[in-house]
Amino acid sequence: MTTSYKETLHKGYGQAFDVEEVLFEQQTDSWHLIIFRNTTYGTVMALDGIIQTTERDEFVYHEMLTHVPIMAHGSAKRVLIIGGGDGGILREVCKHQSVEHVTQVEIDQAVIDMCKEYLPNHSNGAFDDPRADIVIADGIEYVHETDEKFDVIISDCTDPVGPGEVLFSSRFYEGCKKLLNEGGVFVAQNGVPFLQQDEVITTRRRLSPYFKDQAFYRAAVPTYIGGDMTLAWGSDDESLRQIALSELQSRYEQSGIKTRFYNPQMHKGCFGLPQYLLDALEQA
Ligand code: SAM
C-alpha cells in the first residue's frame, strides 16, 4: 500500500508525494529525517516536513547557487560552502577547473554519509576531490574561527529553523564578509518569496550592512513550491552583476562545463525581480 508524504512547511497548503519505498528514516528528539522513492521525482530527502532536495530537480538549485557567483567573479580560486551536506553544491564547484581549493563546512556528518549512500548522484564523487576539504562544524563558529580567505562563499543550508537559523543571522554574515577576498561574492539560499517574503526582507536588513551591493536572484526549483526561489547575493563590486552577456558566454565556453539549467542567458536574466518583491524590499 503506497503511503504519502505531505510537506508541512506552509500553513494550510502543501505538496504531497507518494512514498513508493522508504530508503532511510531517522526520528530523533530533535528531528525527523526521511529519504524515500517517488515515481515523479526519484529519491527525495525531507527534514521535519520540509523537502530538502530531490534527485530529479536538484540540478536547478545547485547549478544556479554555484555558477552565477563563480562565473560572475571570473577568477575564483578558493570557495567556501556552508552546509550542503547532500554534496550537490560541491559537485558543481568541482566542475570549475579554475577552482584550486574548496572547503565545505557541514554540521552533521550523518547527512553526508546518508546522501552518499541514498543520493549518490548529488555528490557524484565530489567528496573525494583532492581539492575538497570537508570540515564537520557549525558554520557560524567556523566563519568566526578560521583565518582562511575565499573568493566565493555559498551558504546552502536548511530553512531558518533549528540549526540552520544561525546561518541567517547578522553575526554569520559579518563572519562571511571577513573571510572574503577583494572582489569576493557571498550567496545563500533564501526561500520562496511568494510564500516566505519575510525571509527576503530579513536578509536585506541583515546582509546590506556588510556589502555595498546586496541583491537577490531567482531560480525556479519545482519542489520548492510557490514560484521562484530567491537566492541572496552580497559583494562590494556592483559591476559583478552587470557583466555583458558576451563575456558570460565566453567564460561559460572557456569553463567547458556541461549544465542543464544554468546558461549565460539565465544568468543575465535571473537578477530581474517581480514588482511585488521590489516594492516589499523598498520597505526593508
Ligand atoms: N537545498 C536544501 C534547501 O535549500 O533547503 C538544503 C541543502 S542541505 C540538505 C542543508 C544542509 O545544511 C544540511 O546538510 C544541514 O545539515 C546543513 N546545516 C544546517 N545548519 C547548519 C549549520 N549551522 N552549519 C553547517 N551546516 C548546517
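Author: Happy to! Ala, Val, Leu, Ile, Met, Phe, Trp, Tyr, Cys and Pro count as nonpolar, Asp, Glu, Lys and Arg as charged, and the others, Gly among them, as polar. With that scheme, the shell around the ligand divides into 11 nonpolar, eight polar and four charged residues. One caution first: this is a predicted model, local features need pLDDT of at least 70, side-chain atom pairs count only at pLDDT 80 or more, and totals for chains, interfaces and linings use all residues. Residues are numbered from 1 along each chain as its sequence is written, and side-chain values use heavy atoms, with hydrogens and water left out.

Reader: Thanks. Which residues come nearest to the ligand?

Author: Glu106, Asp138, Gly139, Pro163 and Tyr224, out of 23 residues around the ligand. A residue is near a molecule if one of its heavy atoms lies within 4 Å of it.

Reader: Which side chains put an N or O atom by a ligand oxygen, and which by a ligand nitrogen?

Author: For oxygen, there is Glu106, with a side-chain N or O atom 2.6 Å from a ligand oxygen atom. For nitrogen, Asp156 has a side-chain N or O atom 3.3 Å from a ligand nitrogen atom. Asp138 also has a polar side-chain atom 3.0 Å from a nitrogen atom of the ligand.

Reader: How much of the ligand does the protein bury?

Author: The protein buries 97% of the 590 Å² that the ligand exposes when taken alone. Those areas come from the Shrake-Rupley method with a 1.4 Å probe; for residues, only the protein chains shown count as cover.

Reader: And where does the ligand sit?

Author: In the largest pocket. A pocket here is an open set of points on a 1 Å grid over the protein atoms alone, where a 1.4 Å probe fits and protein lies on both sides within 12 Å along at least five of seven lines. A molecule sits in a pocket if more than half of its atoms lie within 2 Å of its grid points.

Reader: Switching topic: what about His67, buried or exposed?

Author: His67 counts as buried because its relative accessibility is 0%. The cut-offs are under 20% relative accessible area for buried, over 50% for exposed, and partly exposed in between (1.4 Å probe, protein chains only). His67 belongs to helix α1, residues 58-73. Helices (H or I, at least four residues) and strands (E, at least two) are DSSP runs, numbered from the N terminus.

Reader: Which side chains does His67 contact?

Author: Its partners include Glu92, through a polar contact of 2.7 Å between the side chains, and His96, through a side-chain polar contact of 2.8 Å. A polar contact is a pair of N or O atoms within 3.5 Å; within protein, one must be able to donate a hydrogen and the other to accept it, and residues adjacent in sequence count only if both atoms are side-chain atoms.

Reader: Nice. What about His32?

Author: His32 is in strand β4, residues 32-38. At 17% relative accessibility, His32 is classed as buried. The side chain of His32 has a 2.6 Å polar contact with the side chain of Glu25.

Reader: I like checking backbone angles. Where should I look?

Author: Asp48 is in the loop between β5 (42-47) and β6 (50-54), and counts as partly exposed because its relative accessibility is 41%. Asn124 is not a glycine either, and has a positive phi of about 45 degrees. Asn124 lies in the loop between α4 (120-123) and β9 (132-136), and is exposed at 58% relative accessibility.

Reader: Why point those out?

Author: Because most residues other than glycine have a negative phi.

Conventions. 1 Å grid on protein atoms, 1.4 Å probe; cavity = no way out; pocket = protein on both sides within 12 Å on 5 of 7 lines; lining within 4 Å.
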